[in-house]
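Colleague: I have just opened this entry and would like to learn how to read it feature by feature. Could you take me through it slowly?

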Amino acid sequence: MTSIEPPRRRAPEERPTQILDAAFYEFGERGLAGARLDDIAKRAQVAKGTIYLYFPNKEALFREMVHTTIVAALAEAEASQAELLTGPAVLQLQRLGEGWWRFLRTERVQVLQRLVSLELGQFPDLMQFYADEVIARGRRLVSSIIARGVERGEFRAVDPQLAARMFSSIWMSHSTWCARREFHKTLGSDEQVLDEMLDFYLYALRP
């Protein structure tokens, strides 16, 4: 993981962000189970007791990490798509795929993906939270676009929920592989992978 310099001291109102910055680093380095609040406090340059003013435990920190990154991005995507309801569904889906790919390749989302894939099974409450707040919400967004495309004849008659699940699996799998290119040497650049995914997925939806 790229080295992150210790954060500067901030005003009290900035402390939650300062703590989250440190949590992303520590969770990225040590995992959800291995990270300690003591180390997060040290990196954030606050007393351990200060963390408890905002986050009662590591699980609450993880939830806020998800809310400030993925959930916030989903809300933006929903608002953006709402403005394009009268446009072609294929264009909406293409824009969503492009934006989501750029987002998935960011360092903080990569940290969260590793935690979800490797550790969240040990934390059933967090897994349910992630399934409800991220997975289900993302699929609703994608399936709504596909359903409009089917209704307008832009896409063939597919099950929107199933097609949304396929969209998610393709994007998530490739973002994971691209993060470890040393083991997946045949992958091209991020741009090439995105072009391939969009071409393959949109072709599969053609009427």
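**Reading the model step by step**

Modeller: Let us begin with a loop: Gln45 is found in the loop between helix H2 (37-44) and helix H3 (48-54). Please keep in mind throughout that this is a predicted model, and that Gln45 has a positive phi of about 60 degrees although it is not a glycine.

Colleague: Is Gln45 buried, exposed or partly exposed?

Modeller: The classes rest on relative accessible area, with buried meaning under 20% and exposed over 50%. Gln45 has 30% relative accessibility, and therefore counts as partly exposed.

Colleague: How many helices and strands does the protein chain have?

Modeller: There are nine helices and zero strands in the protein chain, so that, read from the N terminus on, its elements run α-α-α-α-α-α-α-α-α. The C-alpha trace spans about 60 × 35 × 30 Å along its principal axes, and 42% of the 207 residues count as buried.

Colleague: What should I look for when I want to know whether a helix is straight or kinked, taking H1 as the case?

Modeller: One way is to set the end-to-end distance against the span of a straight helix. H1 has 20 residues, and at 1.5 Å a residue a straight helix would reach 28 Å, but the end C-alpha atoms of H1 are only 23 Å apart. The kink in H1 is about 85 degrees and is centred on Gly28. Tyr25 is also found in helix H1, which covers residues 15-34, and Tyr25 counts as buried because its relative accessibility is 14%.

Colleague: Why are Phe167 and Trp171 separated by about one helical turn?

Modeller: The general idea is that an α-helix has 3.6 residues a turn, so residues three or four places apart point the same way. In this case Phe167 and Trp171 are four residues apart in helix H8, and so about one helical turn separates them. Phe167 is buried, with a relative accessible area of 3%, and Trp171 counts as buried at 1% relative accessibility. Together with Tyr201, Phe167 and Trp171 form one aromatic cluster.

Colleague: Turning to pockets, what is the volume of the largest pocket, and which residues lie nearest its centre?

Modeller: A pocket can be described by its volume, by the residues that line it and by the elements that supply them. The largest pocket has a volume of about 500 Å³ and is lined by 24 residues, of which Trp100, Val134, Ile135, Ser168 and Met172 lie nearest its centre. At least two lining residues come from each of helix H4 (58-82), helix H5 (89-104), helix H6 (107-118), helix H7 (124-151) and helix H8 (160-179). By class, this lining divides into 16 nonpolar, six polar and two charged residues.

Colleague: And which elements give two or more residues to the lining of the second largest pocket?

Modeller: Those elements are H4 and H5, and the largest share, seven residues, comes from H5. The volume of the second largest pocket is about 230 Å³, and its lining residues include Glu76, Arg95, Glu98, Trp100 and Arg102. This lining has five nonpolar, three polar and four charged residues.

Colleague: Where does His184 lie?

Modeller: His184 lies in the loop between H8 and helix H9 (190-205), and with 29% relative accessibility it counts as partly exposed. The C-alpha atoms of His184 and Ile40, which are 144 residues apart along the chain, are separated by 33 Å.

Methods:
Residues numbered from 1 in each chain as written. Predicted model: local features only at pLDDT ≥ 70, side-chain atom pairs only at ≥ 80, totals over all residues. Heavy atoms only, no water. Buried < 20%, exposed > 50% of the residue type's maximum accessible area, 1.4 Å probe, protein only. 1 Å grid on protein atoms, 1.4 Å probe; cavity = no way out; pocket = protein on both sides within 12 Å on 5 of 7 lines; lining within 4 Å. Points joined across faces, edges and corners; volume = space filled by probe spheres on them. Nonpolar A, V, L, I, M, F, W, Y, C, P; charged D, E, K, R; others polar. Expected span 1.5 Å × (residues − 1). Bend = angle between axes of the 7 residues up to and from the residue. Phe/Tyr/Trp six-rings, centres within 6.5 Å; stacked < 30°, edge-to-face > 60°.
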